[in-house]
Amino acid sequence: MHLIPQSSSHFHLLVSIFPSIGLIFVLGFYATAFAADNEAMKRSCLVLFAILGLLAIPTYVSGDRSMAVLSQDPKISQDLMTTHFGWGITSLALLVLTGATALIELWRSRRAERLSNGALHLVLGLAIVSLALMAIAGETGWEINHHELRLDPATQRTPQAWSHVHIILNHFPTVGFVFALVVYIAALVMNNVVMKRAGLVLFVICAILGVPTYVTGAASMWALTGVPGISRAAINAHRDMALWTLFGLAFTGVTAWIELWRFRHLGRFSNRSLYLVLAFAIITLGVMAETGHRGGQINHPEIRVATDALPTDPKAGWSPAIESLINHVIWFVPWQTVHFFGFSLIFGTALVVSLRVLGFWKSMPFSAVHRILPLGVFGVVMNVFSGMLILFADSSRYLNATTFAPKIALITIGAIAVLYFSLSERLWTVKAGEDAPMSAKWVAAVVLLSWAGVIMGGRLISYV
Amino acid sequence: MEYGNTAIVFMVVAVVSCVLGLSFFGVYYLNKIVDQNAPEGGSVRKT
């Protein structure tokens, strides 16, 4: 019950991320609907735009009340709040307009029995401008309460840039997951194949984004160490729950990806697998909500309530115990070895699939090499798990290494790019002796370069 | 606690065997499911 907001500030923190981050995901679905020319998906997106427009109202009301409360706090800058209010109200007004246009088009199309391209593009344009304004409003909003972002970098154990990135990035898997679940449940109810695939893709993307979110979170822990008013025990409580979230994301992401891979070969979904993904997703969302709440408690004293007992022992929980265990050579060396095997599987698979796409071994149809992709995906799972354990062993050193951040960025890019191999219709129809389309060759090059960069970035950590 | 070299080598072989074994079995099992349920002519497109 402690997850239910009991103050305007708490409610504003929760509701305000949906219009902004949610808009990015709905725009992604909308672009997919245009690419697939799927009428049901376009209509679902118009409904989502209308819902986002409606969410602008509680966002404004809670923000206004929150301002009244926070203006009494001498630590909060009035100028920052006024700037945030200005950008916020402009972006919300435009979002309401976007939602209203989407709603009018839905109403009009019921009478005309078809959607108008002009109106659909108008909604797209309005949504893009709203998003740009919301990015500015969000940035000015985060600065209000996160004083640590303005600390002197020379006094920090890791750069505050990590905290800044974590504050932004953590909302993508969380809000994305909510939207994925909404689209996925709608797809199951409507029995729409394109929407089911879109939902599964979004689950996989959220799972991949869980990796940089967890890593930036670990880096933020060091950036916040020693900052007055921030409890290490509260950070550890959040970190423990983040660990469970990472496992939940991995289970949901891998089962969703396997279903996409299987669909490619069989041309149909297995209902049992689809409901298994749904079950994993619902459990993960519950764990994620608790993780988010614990994360919010670290830096937002205004959301704490009397019944919320904050942890006080910085050594309690799973994370400090794993830290201590993995520092024993008998645990570290085996998992480090698993990490090397994982890279061998990932790079071997990426090399075979990418080289076929680039024009090698044309005697094989693409569908034959597509069969080995699960080996690479299992390699990714092995490395996320073993990499997380290795990070536990000496996180401060790894996170301060020059090549660590590019390595994590390339993992995200490389993993998302691999999704293309199981989604592209044109690539799937490449028969023996045929050349892959140019767009597929670009993606194959990105996959190869990203994973080569990941390995080089990892090896250079100890030396650069 | 100090560990002998034999114990470390044993742990490396045990952990790697378990993890790789699970991965290879997973790939074998997924491909088997595809083979059993594939449309007539198999899921690999012919020339």
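Chain A holds 18 helices and zero strands, while chain B has one helix and zero strands; helices (H or I, at least four residues) and strands (E, at least two) are DSSP runs, numbered from the N terminus. This is a predicted model, in which local features need pLDDT of at least 70, side-chain atom pairs count only at pLDDT 80 or more, and totals for chains, interfaces and linings use all residues. Residues are numbered from 1 along each chain as its sequence is written, and chains are lettered from A and ligands numbered from 1 in the order in which they are written.

**Overall form of chain A**
- The C-alpha trace of chain A spans about 70 × 70 × 35 Å along its principal axes.
- Its radius of gyration (taken over C-alpha atoms) is 23 Å, which agrees with the value near 23 Å for a compact globule of 464 residues; the globule rule is 2.2 Å times the number of residues to the power 0.38.

**Burial**
- In chain A, 45% of the 464 residues count as buried, meaning that 20 or more other C-beta atoms, placed from the backbone, lie within 10 Å of the residue's own.
- For chain B, with 47 residues, the buried part is 9%.

- Beyond its neighbours within four places in sequence, Phe49(A) is in contact (C-beta atoms, placed from the backbone, within 7 Å) with Val26(A), Thr98(A), Gly99(A), Ala102(A), Val123(A) and Ala127(A).

Technical notes:
Contact = placed C-beta atoms within 7 Å. Buried ≥ 20, exposed ≤ 12 C-beta atoms within 10 Å, placed from the backbone.
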